[in-house]
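Here are some notes to read beside the model. Keep the structure open as you go.

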Amino acid sequence: MPGLPLDKRTAPRIFVGSITDERKKPIRETFVNSINALTYPHDFKLIDTTDWWDIPTDIETIVAGRNKLIEIFLNGNYDYFLSVDSDVIIPEDSIERLMSYDKDIVSFKVHFMKNGQEVPAAFKERFEQGVKIYNWQELDKPLMKVWGASLAIALIKRKVLEQIKFSCPIVERGEDYWFMRDCEDKFEWWLDTTVRVQHITI
């Protein structure tokens, strides 16, 4: 991408992290191949939580896995963390594209299922009962500032993860929600609406 340094000695260092488990095994090779196809130099860590039987619930396992990735990231000399769920396929130029915006956090579009419909994982604001979700038509600018968006694909600056970790005080909200909430009023979250990544298990 124009404007990015080409000298490997000065170029930002990228850590790509993801967690997986036995349920994702049928698509693991496809996912790993997509990460290996990324054109920007990076280090990649995939943590398999299948055998983490000492953790009582799925959500606690996810939180522990995500925080382990953050620990690895912070212990390395990395500038950006690319969070990627192990059931999405992302473009090969994802790192260059997202890094070019120079934002605290920036995501691509991805959907989740709500009442049997595919809706964007892009959120306007939170309120007592939850979050307000954008509809597809409202995502009408190439780059939009949002309250929060999916961590299925998000590029996060180091300064964010030096302050924010994953938690899930209320299971029904999910760990992504609490991460977004902890980031509000501290860091800006942006959404590149020009790319919708493939969510291959939904």
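How many positive and negative side chains does the protein have, and how far apart do the centres of the two sets lie?

1. The protein has 27 positive and 33 negative side chains. The centres of the two sets lie 3 Å apart. Lys and Arg count as positive, Asp and Glu as negative; His and the chain ends are not counted. Each charge is placed at NZ of Lys, CZ of Arg, CG of Asp or CD of Glu.

2. This is a predicted model: local features need pLDDT of at least 70, side-chain atom pairs count only at pLDDT 80 or more, and totals for chains, interfaces and linings use all residues. Residues are numbered from 1 along each chain as its sequence is written, and side-chain values use heavy atoms, leaving out hydrogens and water.

3. There are 19 salt bridges (a side-chain nitrogen of Lys or Arg within 4 Å of a carboxyl oxygen of Asp or Glu). One of them joins D21 and R23, at 2.5 Å from N to O. D21 is buried, at 12% relative accessible area, whereas R23 is exposed, at 58%. (Buried is under 20%, exposed over 50%, partly exposed in between, with a 1.4 Å probe and protein chains only.)

4. R66 pairs with D85 in another salt bridge, with the closest N and O atoms 3.3 Å apart. The pair links distant parts of the chain, 19 residues apart. R66 counts as buried, at 9% relative accessibility.

5. R97 and D93 also meet in a salt bridge, at 3.5 Å from N to O. R97 is partly exposed, at 24% relative accessible area. D93 is partly exposed, at 24%.

Conventions
Helices (H or I, at least four residues) and strands (E, at least two) are DSSP runs, numbered from the N terminus.
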